[in-house]
Amino acid sequence: MLDYAIYRIAVLVPTLLAVSLAVFLVLHLVPGDPARNAAGPDAEEEDIALIREHYGLDQPLWRQYGTYLVRVAQGDLGESYRSRRPVLDELVRRLPATIELAGFAMLLAVIVGVGLGVTASMRPNSWVDQAIGAVSAFGISVPVFFLGLLLMLLFAAKLQWLPPSGRGGWANLILPVTTLGLPYIATFARVARSTMLEVLSEDYIRTARAKGLRGGAVIWRHALINAAIPLVTLLGIYFGRLLGGAVIVETIFSWPGLGRYMVDGIIQRDLQVVQGCILFFATAIIAVNLVVDLLYSVLDPRIARG
Amino acid sequence: MSEAAPPVLAVEGLRTRFGAVRAVDGVSFAVARGETLCIVGESGSGKSATALSIMGLIPSGAGIVEGGSILLAGHGELRGLPDAAMADIRGRAMGMIFQEPMTALNPVFRVGAQIAEVMRRHEDVARSAARDRAVELLRLVGVPSPQSRAQDFPHQLSGGMRQRVMIAMAIAYDPALILADEPTTALDVTIQAQILALIDGLKERLGSGIVFITHDLRVVAQIAQQVCVMYAGVVVERAATRALLREPLHPYTKGLMASVPGTRPRGALRRLPAIAGTVPNLARLPVGCRFRNRCPSAFARCAEAEPPLAPPVGGDPDRLVRCWLHAA
């Protein structure tokens, strides 16, 4: 188990290198001159040249990448061309807002989604199951930006029950978390339903009932743990998508998180900001998937100590 | 069955249906304390459905026990009991051992905990006390170094050991009735013999009545006092083991016995006879005897009506057979 964890962490290094290279190349090969952008539309050629030199943009690409890597390894993600503030500081400052949003959305998706899925699996093809199926279909098919605007229109503009945007108390959380979480509630409900149906037909479920266990113990103890592995996999996969969704949701609801920071960076062609954000998101996704892989062996003893 | 011992289980006219399929179509038998009754038949004959009906484990969406009576000593009529009441009886007054020890244990829990769960369910015991009793049960069913085996996950045990774990679970409360559904079929021959001896020994020690489902007549000869031969959802022959093996009456029973290797006289190598054809579609049974399409002795009357399960004319009054050859 420990060997496996160490191995997996060691493998992270080349993965992260590849990610950083890909991000670096994509951003440096897209058309447009970052120095000219940073200087602004009315800048003199001299100023632009100065900026280019200051940020090392006049160096060959491989040398720029080398410098970049060394700096990243030292925890320096560069500074914003606009605000002149270190990107890492900005990331750290905005991180809590995004963790709050994505964390609650994930929590909502897992608890409500799995709850609905398990409920649906207990009486397959009943009206309850079909109602849950219909809600899931809606949740999966409605685009996040549309859902966000719809909810905002209804609950903030029309009914005025909830604040339309910004970060603050619990009330501010409800709309963005719901918007971000709903598609994942639907996905988790579907996968939970189908895995539970599969697990409930297993022999060991019949054994559990033959021991006299009641329905609740059979479902929540014997079945759900076995159904948890595909669900945990899903958690890893959808974490990345959730961060992508967070970018949109943060923009719609003016949520001061990483997603909006990145979108602002993209709009302003602030190379260092975009680069830093993407690298950060990639690292987060890889880290979550590592945790998920290690969780398998905790959930399923057959995988452990292999 | 001796007259003195009241039956631990008396099944009368049991009928279980899965949609249009009448899997169990009027099955009756009784088992006394300390007695083993074997139910024999091919796949699809309704053996397992009979056992699951008794346990109340027919999946509610798929099938329904629609008729008959299941009397369990000390508990009375089981048919029609709500599932909560059945759950109190299962694992306590009756235990079941399943065919596939590989899949019948939950892969994510340690086997000791899975056994202890029976005690934790049926009485208010501390976790440690339940665990100690689980180890004791493992010792009782012949698992070596039970203390450390209890800490194993199912996949770390051999098939025979897993089946012993299943048995330990089933006998946690010295149940009056043990149902065993082909418990040795998935095992190696040598392990089979050990498990059979174990179950037979438990019957002596616990005094339970055992319903043992098998398709193997050699197993019947080893452990059963009584045999029910099932075919297409009905009992076609019921008798004391010795009488049945000495002189099978129903053509189906004869066919089963002929297809067992080593039950025929020694001699030149010969092809094992098999019963031609397969079990009929239980949703659309033929008129008359269910076996007549495969029966070597079928005659006109077999197509007219289904024969009753009755003592053979002029034969042993203690046995029953469902065949026009032996009916009045």
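Helices (DSSP runs of H or I, at least four residues) and strands (DSSP runs of E, at least two residues) are numbered here from the N terminus. On that basis, A274(B) has its place in the loop between α10 (251-258) and β11 (320-321) of chain B. This is a predicted model, in which local features need pLDDT of at least 70, side-chain atom pairs count only at pLDDT 80 or more, and totals for chains, interfaces and linings use all residues. Residues are numbered from 1 along each chain as its sequence is written, while chains are lettered from A and ligands numbered from 1 in the order in which they are written.

**Confidence**

- The predictor assigns the complex an ipTM of 0.88 together with a pTM of 0.82.
- For chain A the mean pLDDT (the predictor's confidence in each residue, from 0 to 100) is 88, and 99% of the residues of chain A reach 70 or more.
- Among the elements of chain A, the lowest mean pLDDT, 75, belongs to helix α2 (residues 34-39) of chain A, and the highest, 94, to helix α9 (residues 203-210) of chain A.
- For chain B the mean pLDDT is 90, with 95% of the residues of chain B at 70 or more; confidence in chain B is lowest in helix α7 (residues 189-206), at a mean of 90, and highest in strand β3 (residues 36-40), at 96.
- Where pLDDT is low, the predicted coordinates should not be read in detail.

**Chain A**

- Chain A contains 12 helices and zero strands, and the C-alpha atoms of chain A fill a box of roughly 85 × 55 × 30 Å, taken along the principal axes.
- Of the 306 residues in chain A, 35% are buried, where buried means that 20 or more other C-beta atoms lie within 10 Å of the residue's own, exposed means 12 or fewer, and partly exposed is in between, with C-beta atoms placed from the backbone.
- Of the contacts in chain A with a separation of 6 or more, 71% are accounted for by residues 24 or more positions apart; two residues are in contact if their C-beta atoms, placed from the backbone, lie within 7 Å.
- An unreviewed UniProt entry lists residues 95-296 of chain A for "domain: ABC transmembrane type-1", and UniProt annotations may be inferred rather than shown by experiment. In the model, this span of residues 95-296 of chain A is 85% helix and 0% strand, and its end C-alpha atoms lie 27 Å apart.
- For "transmembrane region", the unreviewed UniProt entry lists residues 7-30, 101-120, 132-157, 169-189, 223-253 and 273-296 of chain A. Among them, residues 7-30 are 96% helix and 0% strand, with end C-alpha atoms 36 Å apart, and residues 223-253 are 97% helix and 0% strand, with end C-alpha atoms 39 Å apart.

**Chain B**

- The secondary structure of chain B comes to 10 helices and 11 strands, and the C-alpha atoms of chain B fill a box of roughly 65 × 50 × 40 Å along the principal axes.
- The radius of gyration of chain B is 20 Å, which agrees with the value near 20 Å for a compact globule of 328 residues; the radius is taken over C-alpha atoms, and the globule rule is 2.2 Å times the number of residues to the power 0.38.
- Buried residues make up 47% of the 328 residues in chain B, and 62% of the contacts in chain B between residues at least 6 apart in sequence join residues at least 24 apart.
- Four strands of chain B form an open sheet in the order β2-β1-β4-β5 with antiparallel pairing, where two strands pair if DSSP finds at least two bridges between them. The edge strands, each pairing on one side only, are β2 (21-32) and β5 (76-77) of chain B.
- Strand β1 (residues 7-18) of chain B is joined to β2(B) by nine bridges and runs antiparallel to that strand; P7(B) stands opposite A32(B) in β2(B).

**Two loop residues of chain B**

- A274(B) counts as exposed because 9 other C-beta atoms lie within 10 Å, and the C-alpha atoms of A274(B) and I199(B), 75 residues apart along the chain, are separated by 30 Å.
- F109(B), in the loop between β6 (94-97) and α3 of chain B, counts as buried because F109(B) has 21 C-beta neighbours inside 10 Å. F109(B) and Q151(B) are 42 residues apart in sequence and 9.3 Å apart in space, C-alpha to C-alpha.

**Interface**

- Between the chains, 24 residues of chain B are in contact with 19 residues of chain A.
- On the side of chain B that touches chain A, α2 (83-89) and α3 (111-122) of chain B each supply at least two residues, and α3(B) gives the most, with four residues.
- The residues on this side of chain B divide into 13 nonpolar, five polar and six charged, with Ala, Val, Leu, Ile, Met, Phe, Trp, Tyr, Cys and Pro counted as nonpolar, Asp, Glu, Lys and Arg as charged, and the others, Gly among them, as polar.
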